[in-house]
Amino acid sequence: MPTRVTEMFGIDLPVFAFSHCRDVVAAVSRAGGMGVLGALYFTPEELETELAWIDAHTGGRPYGVDVVMPSSYAGAELGAGTGEELQERLRALIPDGHRRFVDTLLAEHGVPEMTDSDAGRFLLGWTDATARPQVEVALKHPIALLANALGAPPTDVVEQAHRHGVKVAGLASSRRHARKQCDAGVDVVVAQGTEAGGHTGEVTTMVLVPEVVDEAGPVPVLAAGGVGRGRQMAAGMALGAEGVWTGSVWLATEEADTPRGALEQILRASSSDTVRSRSMTGKPARMLRNDWTRAWEDEGSPGTLPMPLQFMLIADALRRVGRVRHPTLTPSPVGQIVGGIDRVKPCSQVVYELMEEFGEAVERLARVAGTAPDAGEEVG
């Protein structure tokens with residue numbers, strides 16, 4: 001299935017699969033697409049372990065790494081320093097009232113007190129300073145793509161990746177963001193509509209993709225947000241995209257390490273059960289609407305803090321909730337395609353079904369256009 005992105009990366013299918021799980025990344029790459037590992041939750045040492053494992057399990061197929069280097073965040077003026085120094089300076093910015101709110105919320109839901117093993121890592125890769133070590137680790141491996149999930153990547157990082165022969169992608173949720181990505185020198189722009197899980201803007205995929213295609217040309221565009229089936233893939237490519245960037249659909253796969261509490265919520269949710277909330281990271285991210293998101297929307301909420309303070313505030317709480325697999329309090333980033341996710345499948349089956357339905361959609365459009373092959377002819 002030749003498109004500019006399949007030729008650019010030497011892959012068979014223009015399907016990019018974002019996941020925090022290395023098993024999903026390797027499985028999708030082996031199936032002919034490109035798995036992209038979300039590096040955010042890993043320390044540099046842990047990321048090194050994850051990438052070494054992927055190197056050994058992709059059969060030489062290309063894969064990518066996604067980091068978070070936000071162009072703006074609270075405390076940026078404090079300087080870099082070491083990770084621990086920056087963490088302490090940022091931690092001092094968190095109000096005590098917010099800490100009490102989180103403690104009360106967990107107590108009201110019967111979540112046990114924190115143990116030593118629950119202690120979370122507060123900062124991770126939410127800042128430029130903490131993401132750069134992840135970039136350094138990633139570029140020591142044979143990755144094919146380095147993606148930045150929030151804002152345009154720093155120009156020097158783009159240049160550094162290019163010196164290593166690595167392409168760079170940037171996510172855009174508006175036409176203006178797409179221009180910034182192109183000005184930064186990215187090789188691929190991911191047009192992510194509001195339907196997407198995780199950090200996302202307000203413009204729908206149907207509207208956003210053609211706008212970004214027009215703005216980014218000749219830089220190729222991937223359609224993202226609400227893409228989990230072949231018909232949706234066909235729609236994105238009909239709008240001018242060269243492929244698709246997917247995420248939520250991989251949460252309910254056999255290879256995924258989605259926490260049981262979150263998985264149970266995902267499997268029974270409808271497409272109207274999500275909400276854009278700042279309650280996890282401080283920036284708008286689409287999540288399942290549950291007791292967690294409702295608590296932050298209620299009148300008694302102190303309001304969310306800006307990135308990265310919000311995640312630093314709740315890091316320990318997330319580990320406590322995850323340990324008991326709380327059925328209604330587990331924060332669950334996921335897109336609106338969640339309504340179509342009702343059972344767990346292997347990644348290879350998801351890829352097969354995606355491409356099978358894509359082919360059916362293209363044939364259907366060909367019949368509408370009067371260009372379908374005669375009976376007995378092969379399509380391809």
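In which helix is Pro 210 found?

View 1. Pro 210 is found in helix α9, which spans residues 205–216; helices here are DSSP runs of H or I with at least four residues, strands are runs of E with at least two, and both are numbered from the N terminus. The model is a predicted one, in which local features need pLDDT of at least 70 and side-chain atom pairs count only at pLDDT 80 or more, whereas totals for chains, interfaces and linings use all residues. Residues are numbered from 1 along each chain as its sequence is written, and side-chain values use heavy atoms, with hydrogens and water left out. With a relative accessible area of 25%, Pro 210 is partly exposed, a class that lies between buried (under 20%) and exposed (over 50%), as computed with a 1.4 Å probe on protein chains only. Leaving aside neighbours within four places in sequence, Pro 210 is in contact with Thr 205 and Leu 239, where contact means heavy atoms within 4.5 Å. Pro 210 and Asp 128 stand 82 residues apart in sequence and 30 Å apart in space, C-alpha to C-alpha.

**View 2. The nonpolar cores.** A nonpolar core is a set of buried Ala, Val, Leu, Ile, Met, Phe, Trp, Tyr and Cys residues joined through side-chain atoms within 4.5 Å. The largest such core has 69 residues, and those with the most contacts inside it are Leu 51, Val 189 and Trp 250. Helix α14 (residues 347–369) provides the largest share of this core, seven residues. Another core, of 24 residues, lies apart from it and has among its members Leu 106, Met 280, Met 287 and Phe 311.

**View 3. Trp 250 and Thr 253.** Beyond its neighbours within four places in sequence, Trp 250 is in contact with residues including Val 15, Phe 18, Val 28, Ala 256 and Val 351. Thr 253 lies in the loop between β9 (243–246) and α11 (260–268), and it is buried, with a relative accessible area of 4%. A polar atom of the Thr 253 side chain lies 2.7 Å from the backbone oxygen of Trp 250. Once neighbours within four places in sequence are left aside, Thr 253 is in contact with Val 24, Val 344, Lys 345, Cys 347 and Val 350.

View 4. Gln 310 lies in helix α13 (residues 309–324) and counts as buried, at 0% relative accessibility. Not counting residues up to four places away in sequence, Gln 310 touches, among others, Arg 278, Met 280, Trp 296 and Leu 305. Pro 308 lies in the loop between α12 (291–297) and α13, and the peptide bond that joins Met 307 to Pro 308 is cis, with omega about 5 degrees.

**View 5. Pro 218 and Arg 325, two loop residues.** Pro 218 is found in the loop between α9 and β8 (221–224), and the peptide bond from Gly 217 to Pro 218 is cis, with omega near 10 degrees. Arg 325, placed in the loop between α13 and α14, has a positive phi of about 50 degrees although it is not a glycine. At 47% relative accessibility, Arg 325 counts as partly exposed.

Terms used. A polar contact is a pair of N or O atoms within 3.5 Å; within protein, one must be able to donate a hydrogen and the other to accept it, and residues adjacent in sequence count only if both atoms are side-chain atoms.
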